[in-house]
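Colleague: I would like to learn how to read a model like this one. Please take me through it feature by feature.

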Amino acid sequence: MARGLNPAGLEMPFGAFSNAAWVPAGRQLIISGLVARDAQGNLVGRGDMEAQTRQVLRNMETMLHHAGATFDDIAVVTVFLTDMSKLAVVHDVRREFFKPPYPASTLVQVVSLVDPELMVEINAVAVVPEDRINRAAAG
């Protein structure tokens, strides 16, 4: 499990993230930007940042499970939002999936994602202990 680091002298994070994260030994899993599409490619939560964020994290959960990992193994995420006014909603949903100590995080607002109906995209780096890696997925 990555361990959050929030040293004195830096502002404490306001949301579900840490200023930095210690990464344990293991194998890195680089997760591409995931969006709010189900397994059939259908958009989930049209116009609803909460529903889209939840679907993105469910997709991430599917990827992690297939690799033998959990959200506890994620060291860093990058979040792309099209509407920063929904930031609190995004952090509320993140807390449903991530538990303290939170991973390091970068969050930015973008003009648009690959499909204008998409409101959030998240990529991640997980570090999976060797004894938990799904060998079939690892190749």
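Colleague: How many positive and negative side chains does the protein chain have, and how far apart do the centres of the two sets lie?

Modeller: Some ground rules come before the count. This is a predicted model, where local features need pLDDT of at least 70, side-chain atom pairs count only at pLDDT 80 or more, and totals for chains, interfaces and linings use all residues. Residues are numbered from 1 along each chain as its sequence is written, and side-chain values use heavy atoms, with hydrogens and water left out. Lys and Arg count as positive, Asp and Glu as negative; His and the chain ends are not counted. Each charge is placed at NZ of Lys, CZ of Arg, CG of Asp or CD of Glu. Here the protein chain has 12 positive and 15 negative side chains, with the centres of the two sets 3 Å apart.

Colleague: What pattern does the protein chain follow along the sequence?

Modeller: Helices (H or I, at least four residues) and strands (E, at least two) are DSSP runs, numbered from the N terminus. The protein chain has 3 helices and 6 strands. Their order is β-β-β-α-β-α-β-β-α.

Colleague: Why is the protein chain called as compact as a globular protein of that length?

Modeller: The radius of gyration is taken over C-alpha atoms, and the globule rule is 2.2 Å times the number of residues to the power 0.38. The protein chain has a radius of gyration of 15 Å, close to the 14 Å that the rule gives for 139 residues, so it is as compact as a globular protein of that length.

Colleague: Which residues have the most contacts inside the largest nonpolar core?

Modeller: A nonpolar core is a set of buried Ala, Val, Leu, Ile, Met, Phe, Trp, Tyr and Cys residues joined through side-chain atoms within 4.5 Å. Buried means under 20% relative accessible area, exposed over 50%, partly exposed in between (1.4 Å probe, protein chains only). The largest core has 32 residues; Leu-57, Met-60, Leu-64, Phe-71, Ile-74, Phe-98 and Ile-122 have the most contacts inside it. Strands S3 (27–34), S4 (74–81) and S6 (120–128) each supply at least two of its residues, as do helices H1 (49–67) and H2 (87–97).

Colleague: What is Ile-122 in contact with?

Modeller: Contact means heavy atoms within 4.5 Å. Leaving aside neighbours within four places in sequence, the partners of Ile-122 include Leu-34, Leu-57, Met-60 and Val-77.

Colleague: Where is Pro-101?

Modeller: In the loop between H2 and strand S5 (104–109). Check omega there: the peptide bond from Pro-100 to Pro-101 is cis, with omega near 0°.
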